[in-house]
Amino acid sequence: MNIGKRFALISLCIFFAINSTNALEMLPLGEHLPNFDLKDSKSRLFTLKDIEGYLTLLVYVKPGQEDSQRLLENCQRWLTVIPALQVVAISCETSKYETDFGFPILLDAEKTVYDSWQVRVFPTLVLVDERGIVVWTKA
């Protein structure tokens, strides 16, 4: 891992250290993120392979929810401060966001990721290192 990515990972872990417990039991810390395949609003397919090689913050959101909207706006700002970070949002509905946040928003209308990760709180965050290892979760 290069110095920039390592610094970004350490910075994010400190920033997110509000809750040190694993928020999603189905995504154990230190384990590989399970594969997924979801399309974005432009019908582009995304899988785990698309995030490997990048420090990635996955954010599972619900359209129209104030906390989800605020998180997406914050992620947009974090991208300018932490250039080594990649953000990928996952929406539980097919509703399209009016704002282009500068990162993909994948659609999980059938709730396959929702069910496999056992998401129960919106928003939910998952930080994955460049090897696809879950390093932090927050619900």
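On a 1 Å grid laid over the protein atoms alone, a pocket is an open set of points with protein on both sides within 12 Å along at least five of seven lines, and its lining residues are those with an atom within 4 Å of a point. The largest pocket found this way has 16 lining residues, and Ser41, Lys42, Asp100, Phe103 and Ile105 are the ones nearest its centre. Its volume comes to about 310 Å³, where volume is the space filled by probe spheres set on the points, with grid points joined across faces, edges and corners. Six of the lining residues are nonpolar, four polar and six charged.

The model is a predicted one, with local features needing pLDDT of at least 70 and side-chain atom pairs counting only at pLDDT 80 or more, while totals for chains, interfaces and linings use all residues. Residues are numbered from 1 along each chain as its sequence is written, and side-chain values use heavy atoms, with hydrogens and water left out.

Now for the overall layout. The protein has three helices and seven strands, and along the sequence they come in the order α-β-β-β-α-β-β-α-β-β. Here helices (H or I, at least four residues) and strands (E, at least two) are DSSP runs numbered from the N terminus. Of the 139 residues, 43% are buried; buried means under 20% relative accessible area, exposed means over 50%, and partly exposed is in between (1.4 Å probe, protein chains only).

All seven of its seven residues are buried, so β3 is largely enclosed by the rest of the structure. Both of its faces are covered, with Leu55, Leu57, Val59 and Val61 on one side and Thr56, Leu58 and Tyr60 on the other. Strand β3 runs parallel to strand β4 (residues 85-91), the two being paired over seven bridges; strands count as paired if DSSP finds at least two bridges between them. Within that pairing, valine 59 stands opposite alanine 89.

Strand β1 (residues 37-40) has one covered face, made of Leu38 and Asp40, and one uncovered face, made of Asp37 and Lys39. Three bridges join β1 to strand β2 (residues 45-47) in the antiparallel sense, with leucine 38 partnered by phenylalanine 46. The hairpin formed by β1 and β2 has four residues between the strands, and one feature there is serine 43, with a positive phi near 65°. Strand β1 also pairs with β5, again antiparallel, over two bridges, and aspartate 40 has leucine 106 as its bridge partner there.

Next come the aromatic rings. The structure holds four aromatic pairs, meaning rings of Phe, Tyr and Trp (its six-membered ring) with centres within 6.5 Å; planes under 30 degrees apart are stacked, over 60 edge-to-face, and the rest tilted. One of these pairs is tilted and joins tyrosine 60 to tyrosine 114, at 6.1 Å centre to centre and 50° between the planes. The charged end of lysine 111 sits over the ring of tyrosine 114, 5.4 Å from its centre, the test being NZ of Lys or CZ of Arg within 6 Å of the ring centre and within 35 degrees of the ring normal.

Most residues other than glycine have a negative phi, and most peptide bonds are trans. Lysine 111, in the loop between β5 (105-107) and α3, has a positive phi near 60° and is partly exposed at 33% relative accessibility. Glutamine 118, in the loop between α3 and β6, has a positive phi of about 55° and is partly exposed at 41%. That loop also holds proline 123, which is joined to phenylalanine 122 by a cis peptide bond with omega about -10°.

Terms used:
On a 1 Å grid over the protein atoms alone, a cavity is a set of points where a 1.4 Å probe fits but cannot get out, and a pocket is an open set with protein on both sides within 12 Å along at least five of seven lines; lining residues have an atom within 4 Å of a point. Ala, Val, Leu, Ile, Met, Phe, Trp, Tyr, Cys and Pro count as nonpolar, Asp, Glu, Lys and Arg as charged, and the others, Gly among them, as polar.
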